[in-house]
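Please look at how two chains meet in the model shown below. The text then walks through the contact and a few local features.

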Amino acid sequence: MASHTRTETLALREQFDTEAQQKDASTLGMWIFLITEIMFFGGLFLAYTVYRRWYADIFAVTSSSLNVYIGAANTLVLLSSSLTMVLAVRAAQLGKRKALVVFLILTLLLGGVFLGVKAYEWNQKYVEHHIPGPDFHFEGVAQQGPAQLFFSLYFAMTGLHALHMVIGAGLLIVLIALAAKGRFSASYMTPVDVVGLYWHFVDIVWIFLFPLLYLIDRHLGR
Amino acid sequence: MTEHIDSTKTYVLVFVALVSLTVLTTAVAFVNLGDFSVVAALAIAVCKMLLVALFFMHVRHSTQLTKLVLAGAMVWLGILILLTLTDFATRGLAGVPGR
């Protein structure tokens, strides 16, 4: 491409025609990645659905042993972190460096609170012997196997969700460092944008985990 | 795509809606709706997902290509769930001779 004489910038790499095209390509790429994540979590949700149908009675009892108020409060924490994340993206779009750093730090803190509450919940499971394994015991059900199965799925799903949160927190720390150094501007804030997409995706996973794990058998009053 | 920047007010309103739906889904869970408890919980979850995707993830300002790709993803997720459940949800319905 002999005609190319323009200098490369972060916002416009050589292989793109316009900044808008590069931005759209990044967004689409992130969405494709998130779709693989949707399919991956989808398989877990499906396994949960199948076993819940299979062992409906036992899953109703075990799922009702989770603390619904802690779950709901943690949902609110995560939703708040999504709000601060979207405000961070907005600050980046407007080129407001200070607001960007503040909102990213708030998002990181709220993510930390969520993980802290989750750790407390998991510790409760340990104290109650609700962690699948040789020490597992669930009071009041004849079949311990299906009860263990519920908690296996509970730990697999909330565990993978928490792992995504930890990765998200790591990404936020990198973003905060870069933003503080002034690496982002109104014309180039793609990393903030795509990490925002990731963070909201993790929020959406929890939006489904919360009712399916904590809520749907509550009305049976067991 | 010309970049569209939503107002802080829009985001706060969406957040208030999300919080309200969370409170609603928790409250409704204790009401005995029978099998519809699951339906209610999932309907509210889908509403929350749409709010997050359309506003926080800017899908409503996304390119047509991104929207198409997302619609395609939902179709694939639908295949995964629907075809698996046509098996597991209908086992034993017809009655197998000799069992």
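The model is predicted. Chain A and chain B bury about 4,300 Å² between them, and 79% of that area lies on carbon and sulfur atoms. Within the share that chain A buries against chain B, Trp31(A), Leu46(A) and His219(A) supply 15%, more than any other three residues. The contact draws on 50 residues from chain A and 51 residues from chain B.

Polar pairing across this interface comes to five residue pairs in polar contact, both residues being at pLDDT 80 or more. The rule finds zero salt bridges there. On the side of chain A that touches chain B, the elements giving two or more residues are helix 1 (19-54), helix 3 (68-93) and helix 6 (190-215). Helix 1 of chain A gives the most, with 18 residues. By type, the residues on this side of chain A divide into 33 nonpolar, nine polar and eight charged.

On the other chain, Thr22(B) lies in helix 1 (residues 8-29) of chain B. Why does Thr22(B) count as buried? Its relative accessibility is 1%, and buried means under 20%. Thr22(B) touches Ala72(A), Thr75(A), Leu76(A) and Leu79(A), and also Lys48(B), leaving aside residues up to four places away in sequence. With Lys48(B) the contact is also polar, side chain to side chain, at 3.0 Å.

Back in chain A, helix 5 (residues 144-180) has 37 residues. Helix 5 of chain A reaches 52 Å from its first C-alpha to its last, close to the 54 Å expected at 1.5 Å a residue. Just after this helix, Gly182(A) takes a positive phi of about 80 degrees.

How values were computed. Residues numbered from 1 in each chain as written. Chains lettered and ligands numbered in written order. Predicted model: local features only at pLDDT ≥ 70, side-chain atom pairs only at ≥ 80, totals over all residues. Heavy atoms only, no water. Helix = DSSP H or I, 4+ residues; strand = E, 2+ residues; numbered from the N terminus. Buried < 20%, exposed > 50% of the residue type's maximum accessible area, 1.4 Å probe, protein only. Polar contact = N/O pair within 3.5 Å; in protein donor to acceptor, adjacent residues only side chain to side chain. Contact = heavy atoms within 4.5 Å. Expected span 1.5 Å × (residues − 1). Buried area = accessible area lost by both parts, 1.4 Å probe. Salt bridge = Lys/Arg side-chain N within 4 Å of Asp/Glu carboxyl O. Nonpolar A, V, L, I, M, F, W, Y, C, P; charged D, E, K, R; others polar.
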